[in-house]
Structure formats: structure tokens, C-alpha cells
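Below are a few points to go through with the model open beside you.

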Amino acid sequence: MSIAPLAVNWLLGQEDASAAPFKPGLKRPTFDLQPKPAHKPPQATAMVSLFMQGGPSQIDLLDPKPALNKLDGQKFPGTIKYDNAAQASSTVLGSPWKFKQYGNSGTHVSELLPNLSEVVDDICVIRSMHTGVNNHGQSIHAVNSGRIQRGRPALGSWLTYALGAETDNLPAYVAMTDPRGLPVEGVLNWNNGWLPSLYQGTVIRPREPRILNLEPPSYLQGDVQKNYLAFLNELNQDYLNKNPRELELAARIANYQLAARMQTAAREALNIEQETAATYRMYGIDEAATEEYGKRCLIARRLIERGVRFVQVFTKNQYWDHHGSIRSSLPASCLKTDKPAAALVKDLKQRGLLDSTVVHWGGEMGRLPVIQNDAGPERVGRDHNTYGFSMWVAGGGFRRGGTYGATDEFGHHAVENVVHHYDYHATLLHLFGLDPDRVVYHHNSRAQTLLDKQPGQVVNGIVENAPLV
Amino acid sequence: MRRSGQPETIKELIPSRLDFPPRMLRPLLLTLSIVASPLTANAGDVLTYEQHIRPILKAHCFQCHGEAGKREGELDLRLRRLIVAGGESGPTIEAGDPDASLLVERVRSGEMPPIDKKLSDNEVETISKWIESGAQTARAEPESIGDDPVFTTEEREFWSFRSVHRPTVPKTSNTARLRTAIDNFILARLEPEGMELSPVTNRRALIRRAYFDLLGLPPTPEATDAFVADESPAAYERLIDRLLASPHYGERWGRHWLDVAGYADSEGYTEDDPPREWAYHYRDYVIDSFNAAKPFDSFIHEQIAGDEMIPPRSGDLTAEQIQNLTATGFLRMAPDGTGVGGVDQDVARNEVVADTITIVSTSLMGLSVGCARCHDHRYDPIPTRDYYRLRAVFAPALNWKAWKLPQQRRVSLYTKANHEQAASINAEAAKIDKQREVKAQQYIERTLAEELATLPEPIREPIRVAYKTAGKERTTEQQQLLKDHPSVANISVGSLYLYDRRRDERARKIDVERKAKETRFIEETQKRAGVAVTAATLAKFNPEAAAELKRDAEAAAKLRAEKAADDLKRYTERAAAIRADIPRHVFLRAVTETDEKTPATFVFHRGDHQQPKEQVGPGGLSVLEQRLASDIAANEESLPSTGRRLALARRFTSRDYPLTARVIANRIWLHHFGRGIVNTPGDFGVLGDRPTHPDLLDWLAVEFIESGWQVKRLHRLIMLSSVYRQSSQRTEQHDSLDPDNKLYARMSLRRLESEQVRDAMLAISGQLNTKMFGDPVPVMEDAVGQIVIGKENLDGERKPVNPIALQGEEFRRSIYVQVRRSRILAELEAFDAPEMTPNCDRRSSSNVAPQSLFFMNSQQTVNVANVLAQRVIDEAGIDVTRQVTRVWRLVFGLRPTAEEVDAASALLQQQRELLGKATDRPRELTPETAALSTLCQALLSSNRFLYID
């Protein structure tokens, strides 16, 4: 495995011709980020994953369970798989929030997600997600890189390895982090594993400098750097004049120009000032609660427009891990993310990009139907549940509207049309026009794939056009 | 909008080597380019089975038709006459008529081989032509052929398998440039092409080249000036000798060896890649060996069999024992996952053995022996059996059936004195431990009393007795009693801190009550006395009440003051402080043979350890066997160990072994010139390059052997030659006749290697910490996943917490920076530092935009430039011309021209103005320093710094 060297490693793939002037005799495989054809006509060509780290409570947001409300405060009539045995209780916690049906599809959405209710006919809610491993770290890896172990390439790494990117002056794969910190498992969330390090996610930081090593410290930006580069160019030209036949020296001069171009392109892509007031309003950038997350969702859209293949927007560490005080903290988490997430779907749609861009909203787990931390109504929470949880997907060939799969009457276990993480991955690869067995990388004498021999199946019920069998 | 405009491609500017096949066809270099395809014929050759056809069939067909007794369809393709005889489908070829030949039909249609990898059109064509021309053999074929591998004369006589002979030093027409025999060999090859050596380069370039080459560091301006001023003809030779004597020499050349040895400070194999704590002893041994001019044959012997060359341990290890055991760390360099939970032990162990064989074979044999692990080598004459014979050499030390985990096999460096000292310090600390125990017991008693005091009087004594009664002897009533009163039941040394908190709570409660009492007392007293009373005057009017309040305050203070946990912690800390003086327990990673029974080695069918087949004894490559005087015995009676590795090591360095001396001489050449005489230094086999100068390679190898394997002597021979001292200036003739500089009519311009870039920046800015040896400088991930120097300090969720100061360690040479296989220091990896999986036999030298961005924007570069700017101001004062001159000399080893001074001064003025206005400029930087820093940064970013000409 190779963790990233420089933060700007995505630039490595841009000039494969110059990558190895002294090449050993045997030809080695070369890697780049040039766009590559899919194995069959793709429905999706780009993806934004809004990763809700911590585990949003499906029974309070997307998977209503009237049975729980009837039993609220009583003993749970079954067996619970707990994570934290010390604070475990078997007292049922009915959802404190009301659900209503929306749109032509009649999808149930909680009152905590008013904006999402406006786009229900564009999204497909999967109610039967399952990873089956009750820790954040392991379940994150399952959802995001296919297996519960650390060290395998993330989904974005696989997609850019298979397809490259449609841009050559922006990263192919972007991870956008929250100003209040990294998700659980930190930088491993966008790790390339053993794939070459140019397939690692490039972090767009929540504050300046947004991309590390792409800009100098602020006081050296602008004219100071221009002067430095002009002088450097003179030095290099002078040295080239003394060694006029050294193409390597000319290439390095060109590399400085390329680097400067990338600075310009990235700066342009990250600058949201040109966006209209209406767009700002749509993403909630004009409101304190949604400003920060809204900006990141808007930047995600701008990156996708400019040919970035995969963008993953992270919430802070354990943002949705509501073990306690769920009555106040879950609404806060929803408030921050609901409007921008719905705006992204609307915005991509109005720009004609939703058809080819997958939007994913979800985390690594959901939550239990019983109380955790029985310390009064304001303090109660819910423990982990990876046996049945919800997320939604939109665009790029995913079904428009409706729900898929079901959990038991208490929302604990997925029981109908279970979607394992590898089924979700198989479906994504299908939409990107990729054959799961052909996106392969040889490592340690093994042919490695995203599914890694797990029995992942395309989930026909969540796509618009089921594959011909 | 999605697809942005196609940027100008720089491909137009930089031709890839692969873009120029026509060059390969130029008549001049035809002899040098036979690597293009080893398996197809050149026009005009008489095609024979042995030379042209067998290699194709060996690569594609033998696996099913001939190798290891396999005869699919009754067909054996290993001899012409067997091919003619054919198998179930009848004769395979019809001499003279390719179109009637089954062989051609099957391979042309792609029916055979029945796997994805088909024959190339060229190969099919070659077979067809051979049949057409009568399907000839080079000589009579053997009468009989068994299942053992067959070597043809062509294979036995392959260039690298032939013995090394001292070639005649050729004569040249130009004799003026001859300094060492190397010049004869190079010139003799150039002259027929109408080429000659380039002029000698200038002295500034020469000293810079020699410094980077031997030390990996730039010369100081003073050293450069002294060398330029020294007009003595021996000045250069003295320079080389001085550099060879520098301790930095071992750090530079040791690094080259560490690449092929696959040195890393982590275990690899699993994604955890845990640190390998004691690997650095081996790194230090390598540096030491180069500095001490250890003969390379001894260096090899020690690394392969150091443990077999020393008496077994009795008591303290001697210096020699430590050295030899450390050397065997070479055989412990492979990635090793056996110390990590959850791995399949058998697979992991066998991988360690396989990787070790890869390291040994690529570093010392120059062959990809590993290909023969699962099947006979497709191209080289290395049957699977040979692979396992080689494995048998290492089996007694790396016994996968009786494997020692990394923790179990460490060799302790503790001496008897260390043990004694540790024991006496421990005894001292134990006294403190004892005091702590007594104290702890007192606190428990106190706590018990306090807790009991909160309970109703009648049950106090029963609970106290229950608490004091040992758990097993408690009656049911006692158990219940304790269960009902957990605050007593839970009293223990470990929970005292919780009771400290309860004391705090009690103190708080006393305070609250006291406050209420005080108000009440004041009111009462006021009412009674009829005067205004305050807290301060209460004592005067109501001394009893005041005394009660005072008692309460004291009680609260006492509760707060006597914290059990804090007090006990002080004892613990004192004991730890005493124990800190215990000598550190240091270990070696070594190889030894300790098993009673020598393990048997089997050929693994298809490399699968679960399918052992034929048993084999120790050995080397059969194809070489007839050239070699000695066997590798299964057991050497005179040694406590089997002696197998010692025998192999001695074989490598014996005069009749053709590979090792050539391989090492080639590596030394490679690092001086940027390309090897054999430009595939780890592969001297069929798929590797052929030597550009076979006689020169042999001459170097013989010189090397006969001088007693002196590496420094080889450096001198090479560096004192005219070839090495040439200018790197390319001419039109060079570009048209020999663009890749295979013939050395000039020096090649070379980019600094990763360590050289970092070390030179530290040296030039004056920050370099030249401390040698010891624990590696740690690396960690920063907040975006970039690998930087630093001590990782993460919480349970991998969130970084407080940074830890490194106290100058961060400025040490790159060879001392931790090599975590999965986490290579970003600034080194950007410049092609190798990934050790398991080793690196040839570095690449890339030219990519992240390197530009590193110089333009990275904090590392900006920091170095700031420090350099301050250094220049300290040394040159505030005069701009002197500053510019100084920075030029420090970075380039040159004085600037007048125009360069003017241009730099203009830059400084512009930058001063801009930076003077910059409000976000760090406070410690004046506009002048910040401006000078951008000039420093420009020089450090420039090609003149980054390249050695």
C-alpha cells in the first residue's frame, strides 16, 4: 500500500511521457489519470458522495416504524445486538418526529428533512442496507472500500483507476473535509491502498490553503510568486541555453508552467463568488446553519462540472453518532446538511448533470430502536446498528423516486431485499459501465478487485434500467 | 462545460524513450539494442532450434509439453526430433512446409497456447521460417532426455554465465586522454564510430559532481574555491581521497546498498505495516562497512552467513559477534507479516522466504530467480528445482515449519553488567514501590472509615468486617451487604481517584452548608446583639458560631488537600524516574540456526507450500554447476550450524563464480554514471539488457576481485578516468549517434536523487544535523494524509493531538529518516524514493509537476529558504551584491555574473516593496529577509541546483 506522498499527487498522472526518462529495460505498467472508456456504455460518469459519518438514525429520518411508537417506553420484544453493553437498555424509543409522504412516489420523509421532501421523486431511498459489523471504522471501510479491513483502496480510488478523469488540471478524486475535523479513520477514508498513489483522494481543505502545496503561504501569493517564477524561469532558461539539447531541462520548465496553470484552474473551480444569489439561497449559504456545508456542496458541483470524477464530502468526526441527547443533536445534524444536500440534487438536475452524476447520501450505519443512556428524555440516544439502515442515492441511472428494501417492524434488521455494501458497489460499477471483474489490480500476486470475490449483485430495484441478464 | 479544454501537452517537448524505436535500428547501435525482443530473429540469421525456436517454445509451451514430466496430448517439444515425432494429433511439423505443420496452424490460429498470452506475430513468423528453411538444429541432439531440465549450449554459454576473464586492454588511436584502463575500453568503442571523449569539465562542475557522487552533499563554497585555486596536478586525486575518507561517504554509498537490500524500518506485508524497531542496526552496519572500506567479499559473507563465522554465544556478545549478527540482518530485510495477528502464518512465512530469495538473487546474482518458484523460468535456464535448492540453503535459518516470530528471534545486546545494573536500579525503585503500597493501604483505611461514617451506626461494623473478609470466605449475608453498599464494596487502590472526587463533593457540600450557616449565624447574632454584624465581625459577637464555621472550613480544606490518587501518583513517578536509568534493552535482528534438526526442503508444486513434491538438498544454479569447484554440502561437520549459507556466500565470491563480481562492479558503475554497463542491474538474464561494454565489465570485475574486493579502489579507478571527468555538454553528434549516451562520449546530466535534494537543502541552509546512526527519525501523517517528519500522536479515532518536539532530529540526513514501507516521506517520494516491496534494484528519475509544486509552494521549501536567507544575511551582511554572491556560491558553488547580480538585485527590490506591504507576513521575517528568501527559493527550485552536470 502506498499512502500519499505529496498532497498534490494527482498531478503525477498528467505527463506520463516524461515520467521516466531513465526507464529500466523491462516495460513496467504506467498509470495515469487520462480518461478511459468504460466497458459498456455508462449511465453515470461522475459521483458525489455526501458521507454522513457516525450513522444517521434511519428510524427517525427515512424508515418510519409506527410499531415502535406504540411500544415507546416499553420493553423491546426481541433480542438486540448492542455495541455498548454498559449503557444498553431494552427500552423502546419511538421516533419523536413525524413522518409524511411526499411527491408522486409517496416516499416517507421525517419532518427533520423538509428540503429532502422536495426532491423525493429524484431519489431512491434504500432501507435495507447491511454491513453487519458494528464498529465505525470497520463499517466505514465496508461502505467506502468494500471490505471491513483497513488499507484497501477507497471507492473513489477504484473509479479513478478505472476511468481517469475528464480534467487534467484538477484532481480526479477529491475529498472535502469538515472544518471541525476528520471523520473516524481520518485520512484512510480517501486512501488509495495499494493502488498507485496518484489514485489517492486529494483533500480540499475547509479553509485556505484549500489544496496543500498548490499555493504558497498567503503572503507569498500573487505578485510575489509571479516575480519568483519569472526569476526562476530566467535561471532555468539560462541553464537550458548552456545545455540546449537537454530535453529534460525544457520539460522541467514546462512543468512549472503546468503547475501555474493548475493553480489557476483550481482557484477558479474553488471560487464560488461568481455564483448567483439564487444559488447561494438554494444551498443555504446565506444562513449561518447551512453556510459552511452549503459551500462545500456547491464546490462539489463546480468540481463535477469541470470533469472531476469523484467527490466525497465528509461530515466531522462522529457527526451522526447519536448515542446521547438525540432529541437535540439529530435535528442539529439535519439542519446543517438537509438543505445543501437537497440543493445539490436540484442544482445538478437543473443543469442537466443529474442524469450522469450519482449523488449518494448516507453513512456507515444506522441506529437501534431502543434507548441508549437512559438518563432522562433529553439525554437518551441510540446505539449502533449496521444490520439494517438507510441511505439514499440519486442520479446517474439510479431509480427516480421510491424506496427499496425493508427492515423488520422495529427497524433493527434488514429483512427484505437486503442490500449489502458489496451489492451497492456492484450497482455503482454497473452504472459506471464497469465490469467488476475487469477493474482489477495485481497486488501481492493477487488479482484485486473492489468486490474482492464477495457475492455483490447489481440491485435491479434501485436502478432505472436493469441490466440485461 | 464538463470537459475542459485540452491543455497544451508537454509531450511535444519531451519525447519518451519509447517514442523512438527508429533509433534502435541505426546500424551503429544495432549491437546494443538486441534487447528489443529477445525471442525473435534478426534478419539474415540461420534459424536453428536451439538458438531461435526453443526459447519461444520454452516461454510459451514447455509448461504443458515437456517440463517436469508433463506431456499434454503425448507431445514433448523439448527436442526437434520429438517435435517431428509429435503426439496424439500426429507429427507436429513438416520440415520445409510450414503451412502443412500442425505447430504453425495451432499457434497461428491462437488455439495454442490455450491461455491469454499468445505468441506474437514475430514469434509465429520465426517458427514458420525455421520450418520453411528445413527446421535445422545447431548440432546433434542428445540421445536421451529425461524429466530433468535440459540446458542447451546456448544457455550454458549465455554471456553472464561465462567465467570472468581479464580481457586485454584495447589500444586506441587517441592516447592523450588515457588515464586509467577504463578510458581505453570506452575510447576503443567510440573511435570506430568516429566519436571521441568530450573535453574535461571545469573544476567547479567537477568538485560538485564528485561531492554529490561520493557524499550525496554539495561542496561548501570554501571547498570549491580551494579546489579551483589548487593548481597541482594531484589536486583532483587528493580531492577524491579526501571524499572517500569522509564519514558521509558511507551514508551515500550505504544508501545504494540499502536499496537492493530492501532496508525498511517497518514490517510491511499487512496494511498495518507495523514499525520494525531494531532494523536500524543493519543500516548502521552497512554505513560503517562502506566507511571502513570493508572488502566487499567479507561484506557479502557477513550478510549471508555472519552467524556461521563466529563462535556461539557464551555470555556477553563480543564486538565481532555483534557485527556479524547485525550483518545477517540482510536476511531479515524482507517484508514480514508473521508478527501480525490474523494472517495465514504458513502463507506469510513462505512469503518471507520467497522475498528473501528475491533480495539475495537480485542483489548478488543479478537474476530473477523468483520466477522459478512456480514453474521453470520461462526465459532463463533456471528450473524450479534450482529455486528450491537455493531455498534449501536458507531453510535451516528460515525454517517455515519451526518459525520464530519477530519478537522471539530478537538477539539481546544486554551484557552481564547491564543485567546487574538493571537489577540494582530495580531494587532501588522497588523500595519506593513498597512505600507506595503502605501509603495506599493507609488511604484505603481512611476511605473505608469515611465511607462507613456515612452509613447508619448499627451496620458499620458488619460491613467493615465483610469488606475485610477475603472474597471467597464471605458469607452470603456479607456478600449481600456489600452488594447493597457499593460505595464500600468498590474501594480499591485503583478506584481511590473516584473517592477523591467524592471528597471534593463533600468539601463542596460543607462549603455550601457553611455559607448557609454563616448567613444564619449572622442574622441570629444581629438579632440578638442588635448591631450590624458581618462575617468579619462575627467572631467578636458570637465566638462559638465563628469557631464552628472555622472548623467547617478546615474540614473542607483538609478533604481537598489530601488526595490519595495524586499522592500515590507521586510515588509512582519517583519509581519511574529511578527506573529511567536502567540501561536501554537493545536488540538485533539477526539470522541464526538454532534448530536441532535440519529441515527437509521440498519442491512445491506450482509454488504451493501445501503441495510438497520431490525433496531437494542445498545448491545453486545447475547451469553454472560444471564451472564451479565446490559443492554446497548439506551439513558442514566442522560448524555448529549447517554451513550452507557460508558455502553459498563463499561461492558468490569465488573466482570461478561468474555473476556476483560482475553484478557489484556494474552497480558501482551505474551509480557513478547514471546507467549501468548492463542497464538492468538486477537482471543479467535473457530478458535483461546486454552489456554495452562486456570487456570493460569483465575488466572491472577482475580488478575488483584481484584487488581484494576493494570498493574504494573501484571508485578511484572510475573517478580518475577521463571518462568520468568529461563535460556533460551534448553535441549534435551525440544526439544523432548516441542520444542515450550508451557509449559515454560525454557525462550524462543527472537529476539529484531524493535524499540528495533534501540533504543538500538542509546543508546549504546550514541546518543539517550530521549526527550519525541510531533510531530512525520518525515520520507521520499530517492532517491531509501527507507523510511528514514527526512523531505520530493520535487519539483512538485517529485524530492528531499535541505535536511532539523533535529537537533537531528533523534535520538529520535522509538515510536516517524512518523507512515506513507504506509511508514514505512525502518530499522523498516526490523525487522517486523507492518503495521496498521487497527491494529496489533500480531507481527511476521522474520529472513531474508535483516536484515543481514542492519547490514553489511547500512549507518545507519555504522554511529552508527562510533559514538560508537568514544565513546569507548573517554571513554577507546587508549589502545586496554580497548577499547575491553568497547565495549563488552556497547553492550553485559559483559566483554570479554581473547581469545575474543586477537581475537578482532587481528582484530583491521588487519583493521588498511587495512584502513590506504584506500584512500577513510572519512577524519574525523583515521585508528584507522575506525578499531574500524568495531569491533563495528561486535558486533552490532551479535546474542548476537540481541537476549535476
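**Notes on the predicted model**

1. Let me start with A:Val370, which counts as buried because it has 25 C-beta neighbours inside 10 Å, where 20 or more are needed. Please keep in mind throughout that this is a predicted model. A:Val370 sits in strand β11 of chain A, residues 370–372. Beyond its neighbours within four places in sequence, A:Val370 is in contact with A:Phe76, A:Ile80, A:Ser89, A:Ser90, A:Thr91, A:Val92 and A:Leu93. A:Gln274, 96 residues away in sequence, lies 48 Å from A:Val370, C-alpha to C-alpha.

2. Next, the largest nonpolar core, which has 309 residues. Among the residues with the most contacts inside this core are A:Cys124, A:Ile126, A:Trp392, A:Val393 and B:Ala665. Helix α6 of chain A (residues 247–270) gives the largest share, ten residues. Domain 2 (295–412 + 594–725) and domain 4 (857–948) of chain B both contribute residues, so the core lies between them.

3. Leaving aside neighbours within four places in sequence, A:Ile126 is in contact with A:Ser390, A:Met391, A:Trp392, A:Val393, A:Tyr404, A:Gly405, A:Val419 and A:Ile462. There is also a second, separate core of 21 residues, including B:Phe62, B:Ile83, B:Val104 and B:Leu119.

4. On the domains of chain B, the assignment gives domain 1 (37–147), domain 2 (295–412 + 594–725), domain 3 (418–579) and domain 4 (857–948). The C-alpha centres of domain 1 and domain 4 of chain B are 68 Å apart.

5. Do have a look at the helix pair α35 (residues 859–876) and α38 (residues 927–941) of chain B, which pack at an angle of about 115° with their axes 8 Å apart. The crossing of α35(B) and α38(B) is right-handed. The contact includes B:Val864, B:Ala865, B:Leu868 and B:Val872 of α35(B), and B:Leu932, B:Cys936 and B:Leu940 of α38(B). How do the residues of this contact divide into nonpolar, polar and charged? Ten are nonpolar, six are polar and none is charged.

6. Finally, B:Asp698, found in helix α28 of chain B (residues 694–706). Why does B:Asp698 count as buried? The reason is its 24 C-beta neighbours inside 10 Å. Not counting residues up to four places away in sequence, B:Asp698 touches B:Val164, B:His165 and B:Pro167. The C-alpha atoms of B:Asp698 and B:His165 are separated by 6.5 Å, although the two residues are 533 residues apart along the chain.

Key:
Residues are numbered from 1 along each chain as its sequence is written. Chains are lettered from A and ligands numbered from 1 in the order in which they are written. This is a predicted model: local features need pLDDT of at least 70, side-chain atom pairs count only at pLDDT 80 or more; totals for chains, interfaces and linings use all residues. Helices (H or I, at least four residues) and strands (E, at least two) are DSSP runs, numbered from the N terminus. A residue is buried if 20 or more other C-beta atoms lie within 10 Å of its own, exposed if 12 or fewer, and partly exposed in between; C-beta atoms are placed from the backbone. Two residues are in contact if their C-beta atoms, placed from the backbone, lie within 7 Å. Domain bounds come from an automatic or database domain assignment. Axes are lines fitted to C-alpha atoms, for helices over the stretch in contact, and angles run from 0 to 180 degrees between N-to-C directions. A crossing is left-handed if the near helix is turned anticlockwise from the far one by less than a right angle, and right-handed if clockwise. Ala, Val, Leu, Ile, Met, Phe, Trp, Tyr, Cys and Pro count as nonpolar, Asp, Glu, Lys and Arg as charged, and the others, Gly among them, as polar. A nonpolar core is a set of buried Ala, Val, Leu, Ile, Met, Phe, Trp, Tyr and Cys residues joined through C-beta atoms within 7 Å.
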